[in-house]
Amino acid sequence: VLVSVSLITFDERSGTHHITSGLKSIAHDVFSPLASGVNDILRPIGDFLAGSVHYGSLQTENQRLQATIGRLKMQLNETEGLQQRLRELDSLDHLPPPLDSLPKVTAQMTQFNLSNFDADLTIDKGRGDGVLVGMPVVAAGGLVGQVIEASHSTATVQLITDSRSSVGVSFGPSGQTYATVSGQGPGNPLSVQYIPAQTHLHKGEIMYTNGLAGGEFPPNVPVGVVHSYRATVGSGSMTVTMTPLANLDHLAYVDVVQWEPPL
């Protein structure tokens, strides 16, 4: 650099432009790579310093965007939940016979009470709304359970998956084959007892409440579909499991059927 400055000074004072022009060209050739190298070193440092200055604002902007994404996801979940509730309410308006002709009280589920063997839920309607102990409870698809407790404004419903639940059912072409469905706890399939070993069954077959005299449910309410079956060697009955038709894991609304067994 010092040599370049000296050459420029000499050129201005002596006026010997034709001599120094060559020397300046040589100096340019020598020092241009050096200047370029210095710039290559200093440029990333400058970029880093500039990035450091803006890092705080970028971090703030990123946090703002993340918060916006979180709010949008929450709104989406709320919208999907609302749509699910609307679908359930709509399905309650299109229940199959005989449920469509029986008086009903629509209630919202407020609490699930689950353990290894017991399964019940609390609803926001009670005696003041016409909900009484023993009344059947249904949802989209079929039978949910039965009212086992009722206060003035709330009630407890025992689900058909509860280990204490027992429902008389019928199935087959004529609907004259009878059995009993018992709960085995939340998340477990229903157990179907008292089906003779030679009974013709198929997977997906629907079973309905039998409505026999003294029964606790009106006739022909869908209960579930056959999930598996097998005949046990040396036994006169089959081992059968069934899946509830009502989606008991995602209940928002149910209908309490204002029905009591005839005397």
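Me: How many bridges join strand 2 to strand 5?
Reply: In this predicted model, local features need pLDDT of at least 70, side-chain atom pairs count only at pLDDT 80 or more, and totals for chains, interfaces and linings use all residues. Strands are DSSP runs (E, at least two residues) and helices likewise (H or I, at least four), numbered from the N terminus, and two strands pair if DSSP finds at least two bridges between them. Strand 5 covers residues 155–159 and runs antiparallel to strand 2. The number of bridges that join them is four.

Me: Which residue of strand 5 is the bridge partner of D120?
Reply: Strands of a sheet pair through backbone hydrogen bonds, either parallel or antiparallel. For strands 2 and 5 the pairing is antiparallel. The partner of D120 in strand 5 is Q158.

Me: Why is strand 2 described as largely enclosed by the rest of the structure?
Reply: Buried means under 20% relative accessible area, exposed over 50%, and partly exposed in between (1.4 Å probe, protein chains only). Strand 2 spans residues 119–123. Strand 2 is largely enclosed because the number of its five residues that are buried is five.

Me: Which residues of strand 2 point the other way from A119, L121 and I123?
Reply: In a regular strand the side chains alternate between the two faces of the sheet. In strand 2, A119, L121 and I123 point one way, and these residues are buried. Pointing the other way, and also buried, are D120 and T122.

Me: In what order do the six strands close into a barrel?
Reply: The secondary structure of the protein comes to two helices and 12 strands, and from the N terminus on the elements run α-α-β-β-β-β-β-β-β-β-β-β-β-β. Six strands close into a barrel with antiparallel pairing, in the order 6-7-8-11-10-9. Neighbouring strands of this sheet are turned against each other, direction ignored, by an average of 40 degrees.

Me: Which residue of strand 9 does V169 stand opposite?
Reply: Strand 6, residues 166–171, runs antiparallel to strand 9. Two bridges join strand 6 to strand 9. In strand 9, V169 stands opposite T209.

Me: Is I206 buried, partly exposed or exposed?
Reply: I206 is found in strand 9, residues 206–209. Together with Y208 and L245, I206 forms a nonpolar patch on the surface with about 210 Å² of accessible area. Because its relative accessibility is 32%, I206 counts as partly exposed.

Me: What is the phi of Y194?
Reply: Y194 lies in the loop between strand 8 (190–193) and strand 9. At 62% relative accessibility, Y194 counts as exposed. Its phi is positive in a residue other than glycine, near 70 degrees.

Me: What is the phi of N220?
Reply: N220 is found in the loop between strand 9 and strand 10 (222–231). At 44% relative accessibility, N220 counts as partly exposed. Its phi is positive in a residue other than glycine, near 65 degrees.

Me: What percentage of the residues of the protein count as buried?
Reply: Residues are numbered from 1 along each chain as its sequence is written, and side-chain values use heavy atoms, with hydrogens and water left out. The protein has 263 residues. Of these, the share that counts as buried is 32%.

Definitions and conventions. Patch = residues over 30% accessible without salt bridge, like charges linked within 9 Å, V, L, I, M, F, W, Y side chains within 5 Å. Areas by Shrake-Rupley, 256 points an atom, 1.4 Å probe, with all protein chains shown as cover. Salt bridge = Lys/Arg side-chain N within 4 Å of Asp/Glu carboxyl O. Axes fitted to C-alpha atoms, helices over the stretch in contact; angles between N-to-C directions.
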